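Colleague: I have a model on screen and some terms to sort out. Can we go through them one by one?

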Amino acid sequence: MEVHQVVPPPQRSTLLKLKNRLKETFFPDDPLRQFKGQPLKQKLILGVQYVFPILEWGPNYNFNLFKSDVVSGLTIASLAIPQGISYAKLASLPPIVGLYSSFVPPLVYAVLGSSRDLAVGPVSIASLVLGSMLREVVSPNKDPILFLQLAFSSTFFAGLFQASLGFLRLGFIIDFLSKATLIGFMAGAAIIVSLQQLKGLLGITHFTKQMAIVPVLSSVFHTTNEWSWQTILMGFCFLVFLLFTRHIGMRKPKLFWVSAGAPLLSVIISTLVVFAIKGQNHGISIIGKLQEGLNPPSWNMLHFSGSYLGLVIKTGIVTGILSLTEGIAVGRTFAALKNYQVDGNKEMIAIGLMNIVGSSTSCYVTTGAFSRSAVNHNAGSKTAVSNIVMAVTVMVTLLFLMPLFQYTPNVVLGAIIVTAVIGLIDIPAALQIWKIDKFDFLVLLCAFFGVIFISVQDGLAIAIGISILKVLLQITRPKTVMLGNIPGTGIYRNLDHYKEAMSVDGCLILSIEAPINFANATYLKERISRWIQDYEAEGAMKQSALRFVVLDLSAVSAIDTSGVSLFKDLSMALEKKGLEASTPNLPFHLPHKIK
């Protein structure tokens with residue numbers, strides 16, 4: 001048998017080890033590699049292009065790209081205008097703020113963002129969370145000015161938090177929002193958002209401010225006297241129409257324009273109907289007159305002190321994490337489809353600065369929305385210029401078309417929101433998680449039920465807590481398996497996974513499949529001792545004595561001082577039993593008999 005000795009790695013100074021560890025932690029993408037070997041002038045050009053990605057692709061921009069971007073920009077504008085108004089209502093903000101948020105942020109992102117497909121604007125989940133967290137303290141009806149100030153302040157802190165993660169290279173923090181957590185959270189939030197729209201779809205005037213499913217349904221059935229059949233009829237018709245067009249867009253992606261234009265068409269038709277029949281006099285609630293003109297400055301409305309500071313910081317961090325996670329996930333999804341790279345840290349900085357600027361121009365939290373980005377992608381977007389085209393379209397709307405929305409019924413906005421968020425319920429993904437990992441499915445359920453029965457932020461916190469607990473369990477309770485030999489080979493595999501693998505008489509061969517450190521050293525010592533006891537008990541029945549204990553450490557990526565002590569103590573204990581321990585993968589020597 002050929003034996004290959006494991007040798008220690010090359011000697012490196014402590015300073016060099018620390019430098020490499022910090023580099024891999026904060027700079028895994030090595031952003032400075034493009035500057036190596038370049039002259040000073042080229043380094044300056046690359047530096048400016050790194051900060052402003054538009055300068056990288058801008059010089060090569062041509063008319064053919066512009067034609068594609070104009071088509072996609074106008075298409076997403078037709079979706080962004082009704083969604084902006086609807087999501088602002090969802091956040092308990094004036095509808096005009098939703099349009100403001102679809103004008104300035106896309107312009108900022110077009111300059112700083114690295115995604116070609118991300119369509120920027122308000123999103124349902126961030127709108128829901130922002131409104132629900134602020135409503136717990138301040139009523140938007142009794143004190144609308146203060147509520148608006150807190151919304152802008154929360155947006156500022158959301159942007160500050162997002163940009164800080166990018167500047168400090170701490171993007172790995174958002175990785176604690178696992179796929180299971182997000183799927184459960186999104187599904188629960190979609191149900192809560194949909195139930196909240198029953199107020200508009202049924203024409204209810206007095207509705208609960210709570211977000212959980214029980215008080216919402218209780219409020220719906222305790223106010224049946226306020227239900228309006230005219231509102232219900234209109235809401236049902238437009239909801240069916242929007243769901244039908246959405247189905248067409250999903251089944252036939254080439255007909256994306258059908259689902260993309262349906263919300264705006266619904267707004268136009270419903271507005272004309274209400275205006276013609278004077279629906280406001282027949283129990284149909286309308287938006288009312290909207291302010292004309294571009295975004296007014298709002299930097300003087302930001303709160304940086306006072307009793308509400310803690311509230312806006314907390315709201316900003318929660319909405320910042322959610323919107324950042326959605327924006328980066330959407331950007332990477334479409335980047336993979338077109339085979340280009342999206343820099344996560346640059347995206348954090350771009351989205352963060354976008355929200356900081358937005359908070360000073362009467363905008364609330366924005367990010368890259370999946371529905372708009374999907375339409376943008378399907379419409380043939382080539383660059384971020386599609387965001388500029390969308391912003392210009394919204395600007396024209398703000399300047400000249402606002403009176404046309406005066407008679408838009410709130411029930412249609414509710415139908416638009418329900419249609420948009422229903423796509424957040426991903427049942428096939430949930431079933432896949434159930435098949436792969438039951439613990440992950442438990443996390444999904446905790447997020448889902450926490451959102452619908454407690455609150456949006458508490459449900460998210462519970463799911464994140466359980467996800468972290470799972471990681472801690474994997475660290476403190478590493479997997480150990482018993483190996484056997486595959487006959488006729490020198491290969492050893494897990495006895496539970498390979499039926500043909502055979503245990504070796506007199507040998508207990510164990511594989512440890514995790515780093516060994518202070519957090520799991522005690523557990524491993526106890527677990528290996530139990531393996532030995534079980535083998536000896538089984539061997540006594542088969543009259544086969546245990547002679548060797550072999551530990552396969554090929555899956556162990558790191559061992560700290562507690563791990564070294566573990567093997568020394570284990571070797572000493574086995575020596576007293578008259579057994580020989582073998583750890584062929586260790587690059588150091590133990591004081592007892594080692595093979």
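Modeller: Start with pairing: two strands pair if DSSP finds at least two bridges between them. Keep in mind that this is a predicted model.

Colleague: What makes S3 and S4 a pair?

Modeller: Strands S3 and S4 (residues 492-494) have three bridges, in the antiparallel sense. At least two are needed, so they pair. In this pairing, Gly484 stands opposite Arg493 in S4. The two strands form a hairpin, with six residues between them. In the turn, Gly488 has a positive phi of about 85°.

Colleague: Why is S3 called mostly covered?

Modeller: Buried means under 20% relative accessible area. Six of the six residues of S3 (residues 480-485) are buried. Thr480, Met482 and Gly484 point one way, while Val481, Leu483 and Asn485 point the other way.

Colleague: Why is H15 called largely enclosed?

Modeller: In H15, 14 of the 16 residues are buried, so the rest of the structure largely encloses this helix.

Colleague: Where does H13 bend?

Modeller: H13 (residues 256-277) bends by about 40° at Ala262. A proline, Pro263, follows within four residues. Both Ala262 and Pro263 are buried. The cover over the buried residues of H13 includes helices H4 and H12.

Terms used: Residues numbered from 1 in each chain as written. Predicted model: local features only at pLDDT ≥ 70, side-chain atom pairs only at ≥ 80, totals over all residues. Heavy atoms only, no water. Buried < 20%, exposed > 50% of the residue type's maximum accessible area, 1.4 Å probe, protein only. Bend = angle between axes of the 7 residues up to and from the residue. Contact = heavy atoms within 4.5 Å.
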